[in-house]
Amino acid sequence: MASFSIEDFVGDGVLKELIPKLLEEGWDDVPTLKIMNPEDMDAINMTQHQKDALEIRTYLHDRALMQYGDKLEASRKSLPELLNLSTADLSSQFGMRRGHIARFTDRNNKCTDPLPKSYGLPARKLTVTPSRSNTIYKMQTIRKSFCRSSTNNDRSLEESLADFKIKDGYIFKGIVAAGPAEPRACGCIQPPPVVDNVAPYSAIENISVQRLTPEYKIGMERLVKTKTPPMKASELWRDKPAVLLCIRRPGCIMCRAEAHQLYAKKPIFDALGIQMFAVLHEHIESEIKDFWPRYWGGVVVFDWTMGFFKALGGGKLLKDKFLSGFVFNPRAIANYKRAKSMGIEQNFKGEGEIKGGLFIVGPGGTGIAYQFIERNFGDWAPVAEVVEICARLKKQQQDEGDSSRSPQEHK
């Protein structure tokens, strides 16, 4: 699976010399860099070779083929030219394996769900000298496209979210969601029950957490060097809503796949004003180094009391055994195969029986807007559902802001 480290993304090619400029202009994480449009590239004076390199690396990143980035880029061929090469040429010139060639030439087969086209930035004319303000304008433009339809380039929020719903093919489950409870071992083993009601806000607001990593940006230290003091979890969402992904085990192939898929949508969550946190119940430093920022570039926090994991289980930890929960569970095996197909590495360090999930928490003390429970090992919260809830929070905040404005401000 392709890494979310900018240094890994640009490799040793022509984009490497652009890193200081990218940092200055705010293109400082991989998901945001991948949505650059031609005018953004012109604004920082990218050469045609650099533009081609970014297009190639974006394509490879979506297909977990970044190991070929330097070679393909050095050929000075454009992406369309590379895609038109024969299997023999791809193998002889770039050392590409046959299975990787099949993945490379299949333009519809991506290891990560791409951002819908409706989330891209509309073309625009820059009226100022390229500066950090362009990035601010970039985020404002995305936000506008989520909040209302203003031009032919901006589709409405409902139309944009339809791109996710159609692809994911699911029916909205409500604010408490979980995967299906399929019978195991021909019905001889029953799946563990899950709660039907959202956890009370009081169950999570006072959980003690410790920040283990910052949000990833170019050139940032891999871990927080000095131990940060414990803090109340409510400080995480005091000012802005938050998505909290509760990771069962950071070395687990299925947990890594879920984290990677969710963080790949970072530009969407940025546009909606949503923070992203990964929550761990074990602090194994080597595991955190392997997990961040390769699979997750957001903040990682340590929940040493397992408070979030208990809240997902209705006050107690939701656990499952390897034999009954995985070997005899066709749903979990399918989840494993899905993650395996994404080319993700794994290990077996740490505790792996405690189920995880996901919370979306509103700002301040407004409460839990959504929670997803990992009923089967490797169940993911549907991205469409997560984005829809976040969009509702954004709209709710806007409506409250509009209602608080004076009549003169509305004019």
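Reader: Which strand pairs with strand 4, and over how many bridges?
Author: Strand 7 does. This is a predicted model, and in it strand 4 (residues 242-246) and strand 7 (residues 357-361) pair over five bridges.

Reader: Parallel or antiparallel?
Author: Antiparallel. Ala242, for instance, stands opposite Val361 in strand 7.

Reader: What holds strands together in general?
Author: Strands of a sheet pair through backbone hydrogen bonds.

Reader: How many strands form the sheet, and in what order?
Author: Eight strands, in the order 1-8-7-4-5-6-2-3. The sheet is open, and the pairing is mixed.

Reader: Which strands stand at the edges?
Author: Strand 1 (176-178) and strand 3. Each has a single partner strand, so one side of each is left without a neighbour in the sheet.

Reader: What lies across strand 4?
Author: Helix 12 (residues 253-263). It also lies across strand 5 (275-280) and strand 7. Helix 12 runs at about 165 degrees to strand 4.

Reader: Is helix 12 covered or open? How many of its residues are buried?
Author: Mostly covered: 11 of its 11 residues are buried. Among them are Arg256, Glu258 and His260. Ile253, Leu262 and Tyr263 are also on that list.

Reader: Zooming out, how many helices are there in the chain?
Author: The chain has 19 helices, along with eight strands.

Reader: And how much of the chain is buried?
Author: Buried residues make up 54% of the 411 residues. The accessible surface comes to about 18,700 Å², and 52% of that belongs to carbon and sulfur atoms.

Reader: What share of the contacts links residues 24 or more positions apart?
Author: Such residues account for 74% of the contacts with a separation of 6 or more.

Reader: New topic: rings. How many aromatic pairs are there?
Author: Nine. Take Tyr216 and Trp292. Their ring centres are 5.9 Å apart and their planes are at 75 degrees.

Reader: Why is that pair called edge-to-face?
Author: Because planes over 60 degrees apart count as edge-to-face, and the angle here is 75 degrees.

Reader: Where do those two sit in the chain?
Author: They are 76 residues apart, so to speak in distant parts of the chain. Tyr216 is in the loop between strand 2 (208-213) and strand 3 (231-232). Trp292 is in the loop between helix 14 (285-291) and strand 6 (299-302).

Reader: Buried or exposed?
Author: Both are buried. Tyr216 has 2% relative accessibility, and Trp292 has 0%.

Reader: What about Phe326 and Tyr336?
Author: They form an edge-to-face pair too, 5.9 Å centre to centre, with 85 degrees between the planes. Phe326 lies in helix 16 (residues 322-327) and Tyr336 in helix 17 (residues 330-340), so the pair ties together parts 10 residues apart in sequence. Phe326 counts as buried at 17%. Tyr336 counts as partly exposed at 24%.

Reader: Which rings are linked into a cluster?
Author: Those of Tyr201, Trp237, Phe308 and Phe359.

Reader: Which ring does Arg63 sit over?
Author: The ring of Tyr59, with the charged end of Arg63 at 3.6 Å from its centre. Arg338 lies over the face of Trp380, at 3.6 Å from the ring centre.

Reader: Last one: where is Leu317?
Author: In the loop between helix 15 (307-312) and helix 16. Leu317 is partly exposed, at 26%. Beyond its neighbours within four places in sequence, Leu317 is in contact with Met306, Phe309, Lys310 and Ile354.

Key
Residues numbered from 1 in each chain as written. Predicted model: local features only at pLDDT ≥ 70, side-chain atom pairs only at ≥ 80, totals over all residues. Heavy atoms only, no water. Phe/Tyr/Trp six-rings, centres within 6.5 Å; stacked < 30°, edge-to-face > 60°. Helix = DSSP H or I, 4+ residues; strand = E, 2+ residues; numbered from the N terminus. Buried < 20%, exposed > 50% of the residue type's maximum accessible area, 1.4 Å probe, protein only. Lys NZ or Arg CZ within 6 Å of the ring centre and 35° of its normal. Pairing = 2+ DSSP bridges. Contact = heavy atoms within 4.5 Å. Axes fitted to C-alpha atoms, helices over the stretch in contact; angles between N-to-C directions. Areas by Shrake-Rupley, 256 points an atom, 1.4 Å probe, with all protein chains shown as cover.
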